[in-house]
Amino acid sequence: MTQLFAGWRKVPRPFLCLVDTPEPGAKVKGMSWQECPSVVKNPEIMSGEYVFRGTRVPVRALFQNLEDGAPLEEFLQWFPGVTRNQAEEVLKFAEQSLLAA
């Protein structure tokens, strides 16, 4: 088991890197993560990785945690800066981008 630092708390969980999921920012038949209002990309925040707006939490952290079996509720507890609305909006956007592919 590896450790994930969520804020200042240490949370044990298995680590599994996403392989088949497109990186945030990748265009899928005309859709781009820049179109999702819950995320932002700034070169001065997390080296320009897409993060949840108003946080330093990478969008891919949501997908990695869900893939590892963590329920959405636990993700929201581990990353209190991310709102349920933001997480659900990102998941809906990901679903729409896959359907558009």
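User: Which residues of helix H1 are buried?

Analyst: In H1 (residues 59-67), the buried ones are Val59, Ala61, Leu62, Phe63, Gln64 and Asn65. Buried here means under 20% relative accessible area, exposed means over 50%, and partly exposed is in between (1.4 Å probe, protein chains only). Bear in mind that this is a predicted model, where local features need pLDDT of at least 70, side-chain atom pairs count only at pLDDT 80 or more, and totals for chains, interfaces and linings use all residues. Residues are numbered from 1 along each chain as its sequence is written, and side-chain values use heavy atoms, with hydrogens and water left out.

User: How do H1 and H3 lie relative to each other, and why?

Analyst: Two packed helices are described by the angle and the distance between their axes. The axes of H1 and H3 (residues 84-100) cross at roughly 80° and come within 11 Å. The axes are lines fitted to C-alpha atoms, for helices over the stretch in contact, with angles from 0 to 180 degrees between N-to-C directions. Under 35 degrees is roughly parallel, over 145 roughly antiparallel, 65 to 115 roughly perpendicular, and the rest oblique. The two helices are therefore roughly perpendicular.

User: Which residues meet where H1 and H3 touch?

Analyst: From H1 it's Val59, Leu62, Phe63 and Leu66, and from H3 it's Ala87, Val90, Leu91 and Ala94. By class that gives eight nonpolar, no polar and no charged residues. Nonpolar covers Ala, Val, Leu, Ile, Met, Phe, Trp, Tyr, Cys and Pro; charged covers Asp, Glu, Lys and Arg; the others, Gly among them, are polar.

User: What makes a group of residues a nonpolar core, and which members touch the most others here?

Analyst: It's a set of buried Ala, Val, Leu, Ile, Met, Phe, Trp, Tyr and Cys residues joined through side-chain atoms within 4.5 Å. The largest one has 21 residues, and Trp33, Phe75, Val82 and Val90 touch the most other members. H1, helix H2 (72-78) and H3 each give two or more residues to this core. Leaving aside neighbours within four places in sequence, Val90 is in contact (heavy atoms within 4.5 Å) with residues including Trp33, Cys36, Phe52 and Leu62.

User: Is Thr55 buried or exposed, and how do you know?

Analyst: Its relative accessible area is 12%, so Thr55 is buried. Thr55 is in the loop between strand E4 (51-52) and H1. Not counting residues up to four places away in sequence, Thr55 touches Ile45, Gly81 and Val82.

User: Which backbone atoms does the Thr55 side chain reach?

Analyst: It reaches the backbone oxygen of Phe52 at 2.7 Å and the backbone nitrogen of Val57 at 3.0 Å. Each is a polar contact: a pair of N or O atoms within 3.5 Å, where within protein one must be able to donate a hydrogen and the other to accept it, and residues adjacent in sequence count only if both atoms are side-chain atoms.

User: Why is Met46 called partly exposed, and what about Ser47?

Analyst: Met46 has 30% relative accessibility, so it counts as partly exposed, while Ser47, at 73%, counts as exposed. Neither is a glycine, yet phi is positive, about 50° for Met46 and near 55° for Ser47.

User: Where is Tyr50, and is it buried or exposed?

Analyst: Tyr50 is in the loop between E3 and E4, and its relative accessible area is 4%, so Tyr50 is buried. The Tyr50 side chain makes a polar contact with the side chain of Gln34 (3.3 Å).

Definitions and conventions. Helix = DSSP H or I, 4+ residues; strand = E, 2+ residues; numbered from the N terminus.
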